[in-house]
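Subject: Structure for your records

Hello,

Here is the structure I said I would pass on.

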Amino acid sequence: MNKVYVVGIGPGGEDGITPQARAAMDQADVLCGYTVYLELVRELYPDKEIYTTPMRQELERCRWALETARSGRTVALLCSGDPGVYGMASPLLELVLGFPEVDAEIVPGVTAALSGAALLGAPLGHDFCIVSLSDLLTPWEAIEKRLECAAQGDFAICLYNPTSKKRADHLKWACDILLRYKSPETVCGWVRNIGRAGQERKILTLAQLREERLDMFTTVFIGNSATGAINGWMVTPRGYRP
């Protein structure tokens, strides 16, 4: 069967895999993905063939998956979280026109915005947006504009890729933009290593968040004007009462 499943692997390895994702991997002849993600499922499929590429070789990975599927094998292309949220669904679907004999299926997963929100409580209880602070594929000027618009619209905001060794100040810059429109006392939170060893969570203010030293394994949540800290939880009201 000329088939590629694009599969989202949620945090925590086996515990983060949906039944639909597990079924797709069961049916696959070969598992393909970034090395770190394949390690999360390797123990489940010790006898399956695997194909890995380093970070930033996503298009090569997608092309290999499509070529392998065209040869008659079923491929599961793995990525973290949900394949349609900063995942591998879009690059594969951009290439699939060149492989008309291949059937692609996108298998949803649990993105960090949702799994991290559950650990903090309900920070995304009303309108929200997700912004990545990585400027590898998006100019910083575009990121700035999106942050400004989100802050002016009083959205709750989830930040992916807040900092890295090469982008040590990106979170601080983002907070400076948000502080033009949001109170320094705005309730925020972050979660590190979601579903993995060393999992941490913290609730703090926007002013305090500006001074935090986080990493690429951390997901950040910034509340709207109604978000509160309630009994250790970060809660954005749904809006059923004034």
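A residue counts as buried under 20% relative accessible area, as exposed over 50%, and as partly exposed in between. Leu 40 has a relative accessibility of 24%, so it is classed as partly exposed. Please bear in mind that this is a predicted model.

Leu 40 sits in helix α2, which covers residues 35-41. Its C-alpha atom is 9.8 Å from that of Gly 16, a residue 24 positions away along the chain.

In soluble globular proteins, nonpolar side chains tend to be buried together. Here the largest nonpolar core has 23 residues, and the members that touch the most others are Leu 133, Leu 147, Leu 159, Leu 209 and Ile 222. Two or more residues come from each of these elements: the strands β7 (128-132), β8 (156-160), β9 (187-192) and β11 (218-222), and the helices α6 (140-152), α7 (170-178) and α8 (206-209).

There is also a second, separate core, with 17 residues, among them Val 6, Val 30, Cys 79 and Met 88.

To go back to Leu 209: what does it touch, once neighbours within four places in sequence are set aside? Its contacts are Leu 171, Cys 175, Cys 188, Trp 190, Leu 204, Leu 214, Val 220 and Ile 222.

Helices α6 and α7

The axes of α6 and α7 approach to within 9 Å, with a crossing angle of roughly 40°. The pair is therefore oblique. The handedness of this crossing is right-handed.

On the α6 side, the residues that meet α7 are Trp 140, Glu 144, Leu 147, Glu 148 and Ala 151. Their counterparts in α7 are His 170, Trp 173, Ala 174, Ile 177 and Leu 178. By type, the residues of this contact comprise 7 nonpolar, 1 polar and 2 charged. Leu 147 of α6 takes part in this contact and is also one of the core members that touch the most others.

Two backbone points

Tyr 86 is not a glycine, yet it has a positive phi of about 55°. Tyr 86 is found in the loop that runs between β4 (74-80) and α4 (89-95).

Asp 154 is likewise not a glycine and has a positive phi of about 55°. Its place is the loop between α6 and β8. With a relative accessible area of 30%, Asp 154 is partly exposed.

Regards

Terms used:
Residues numbered from 1 in each chain as written. Predicted model: local features only at pLDDT ≥ 70, side-chain atom pairs only at ≥ 80, totals over all residues. Heavy atoms only, no water. Core = buried A, V, L, I, M, F, W, Y, C linked by side-chain atoms within 4.5 Å. Buried < 20%, exposed > 50% of the residue type's maximum accessible area, 1.4 Å probe, protein only. Helix = DSSP H or I, 4+ residues; strand = E, 2+ residues; numbered from the N terminus. Contact = heavy atoms within 4.5 Å. Axes fitted to C-alpha atoms, helices over the stretch in contact; angles between N-to-C directions. Parallel < 35°, antiparallel > 145°, perpendicular 65-115°, else oblique. Left-handed = near helix turned anticlockwise from the far one by under 90°. Nonpolar A, V, L, I, M, F, W, Y, C, P; charged D, E, K, R; others polar.
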